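I opened this entry to keep a record of what I looked up, one topic at a time.

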Amino acid sequence: MANPAFATASAGTRKVLITGGAGFIGSALSRHLQELGHEVFVLDDLSFGRRPLAGVPDARFFKVDIRDRRATQEVFAATRPAWVLHLAAVHFIPYCNEHPAEAADININGTVSVLDAAQATAGVEQVFVASTAAVYPIADGAMAEDHEPGPMDIYGTTKLATEKLASEFHLRTRIPTIVGRFFNAFGPNETNPHLFPTIQRQVLDGARTLKLGNLDPKRDYIHTEDMSRAMSALLGAGVAGFDTFNIGRGIEYSVREVVEAFGRQLGEELRIAVDPARVRKVERMHLLADVRKLKAATGWEPRWGIDEGVATLLKEHVTT
Ligand SMILES: NC(=O)c1ccc[n+]([C@@H]2O[C@H](COP(=O)([O-])OP(=O)(O)OC[C@H]3O[C@@H](n4cnc5c(N)ncnc54)[C@H](O)[C@@H]3O)[C@@H](O)[C@H]2O)c1
């Protein structure tokens with residue numbers, strides 16, 4: 001049942017602007033929102049994303065760097081979105097570690113630019129800002145939203161700043177604003193070499209002994225379709241002020257367990273050879289979402305398990 005703290009769900013379709021909509025999660029979101037009948041516009045500089053993934057015609061696609069304040073404002077003026085979902089960011093942790101100034105510039109200054117453009121545009125009803133589980137400190141047990149943040153890398157630090165900017169934006173504009181703390185996404189069209197595409201590529205290249213790094217850390221893997229439904233459910237519920245929600249599945253799997261899921265779907269045994277070059281020196285052993293708040297607010301439930309997700313990943317690549 002929906003949380004009474006939320007205003008009446010607003011029916012009907014909206015003009016929606018997704019920043020980062022040509023990326024891994026943004027493209028799933030674009031598809032999902034269009035399936036619901038919304039008119040989707042995508043702003044993306046294609047630094048990590050790919051144009052076809054955006055899934056919108058040229059008239060609704062804007063190749064713009066969010067740090068370009070004028071161009072960003074022009075996109076908002078041209079599209080007049082009711083909902084803004086800000087996902088554009090650099091987020092592959094090794095990339096952020098190697099390029100800390102660029103990560104800060106895009107994730108912080110870029111967010112200021114997007115939020116300023118939203119403020120300057122009449123008719124923005126709601127804003128959703130993508131954050132990450134990386135804002136949480138190393139800890140055992142499921143993380144709830146009120147857990148003290150403690151990012152351990154430049155990426156998590158920039159995203160915590162993004163959250164603060166979102167909160168300050170809400171105070172300044174009174175526009176209802178939601179922060180979504182994404183846990184580890186999996187699904188088709190992954191743009192960065194995270195665990196799933198790394199295993200997928202090796203398996204599809206014919207390897208049955210996989211080269212991987214740390215095997216024991218556990219992560220809360222959530223399918224991009226389930227994430228997209230969580231975002232639309234939150235926006236549909238109509239959060240009244242500023243609020244933060246974990247977006248995860250509430251189950252954690254180790255690297256070994258993910259490999260086992262690939263093995264099950266292949267019907268073959270997969271072995272693992274630890275590749276020292278891939279072993280991270282600093283590693284969290286757990287990162288698990290407490291998703292009770294999201295479920296209570298929206299009634300959302302995840303639909304995709306690891307095995308179903310792996311099955312479609314293997315099929316998709318086998319047939320293309
Ligand atoms: N993938 C995950 O597991 C995960 C986990 C936690 C949080 N997140 C967050 O979710 C969001 C989407 O991540 P993703 O996995 O889809 O990554 P992604 O790299 O596929 O998507 C990010 C998109 O932003 C675009 N972009 C980057 N810099 C830009 C700029 N300066 N101007 C305009 N566009 C720019 C990229 O081209 C890309 O299409 C990000 O905010 C990320 O921090 C992702």
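This is a predicted model: local features need pLDDT of at least 70, side-chain atom pairs count only at pLDDT 80 or more; totals for chains, interfaces and linings use all residues.

**Ligand shell**

With that naming in hand, I looked up which elements each supply at least two residues of the shell around the ligand, and I found α1 (24-35), α5 (100-119), β5 (126-132) and β8 (184-186). The largest share, three residues, comes from α1. In total I find 29 residues surrounding the ligand, and the closest are G20, G23, G49, A89 and H91. Sorted by class, the shell has 14 nonpolar, eleven polar and four charged residues.

**G49**

G49 sits in the loop between β2 and α2 (51-54). Is G49 buried or exposed? I counted 23 C-beta neighbours inside 10 Å for G49, and because the cut-off for a buried residue is 20 or more, G49 counts as buried.

Setting aside neighbours within four places in sequence, I find G49 in contact with G20, A22, G23, G26, D44 and T191. Of these contacts I followed up T191, which is 142 residues from G49 in sequence, while the C-alpha to C-alpha distance between G49 and T191 is 6.7 Å.

**Strand β1 and its partners**

I then turned to strand β1 (residues 15-19), which is mostly covered, with four of its five residues buried. Which strands pair with β1? On one count, β1 is joined to strand β2 (residues 39-43) by five bridges, and the two run parallel. The chain passes from β1 through α1 to β2, and I record this β-α-β crossover as right-handed. β1 also pairs with strand β4 (residues 83-86), again in the parallel sense, over four bridges. L17 has a bridge partner in both of these strands, namely F41 in β2 and V84 in β4.

**Positive phi outside glycine**

I looked up two residues that have a positive phi without being glycine, and I start with R174, whose phi is near 65°. R174 lies in the loop between α6 (154-173) and β7 (177-182). R174 has 10 C-beta neighbours inside 10 Å and therefore counts as exposed, the cut-off for that class being 12 or fewer.

The other is N189, with a positive phi of about 65°, in the loop between β8 and α7 (195-204). How many other C-beta atoms lie within 10 Å of N189? I find 19, so N189 is partly exposed.

**Domains**

Last, I checked the domain assignment of the chain, which gives domain 1 as 15-187 + 224-250 + 289-302 and domain 2 as 195-218 + 252-286 + 310-314. The C-alpha centres of domain 1 and domain 2 lie 28 Å apart. Four residues of domain 1 are in contact with four residues of domain 2, and on the domain 1 side I find three nonpolar, no polar and one charged residues.

Methods
Residues are numbered from 1 along each chain as its sequence is written. A residue is near a molecule or strand if its C-beta atom, placed from the backbone, lies within 6 Å of it. Ala, Val, Leu, Ile, Met, Phe, Trp, Tyr, Cys and Pro count as nonpolar, Asp, Glu, Lys and Arg as charged, and the others, Gly among them, as polar. Two strands pair if DSSP finds at least two bridges between them. A crossover is right-handed if, with the strands pointing away from the viewer, the path from the first strand over the helix to the second runs clockwise. Domain bounds come from an automatic or database domain assignment. Two residues are in contact if their C-beta atoms, placed from the backbone, lie within 7 Å.
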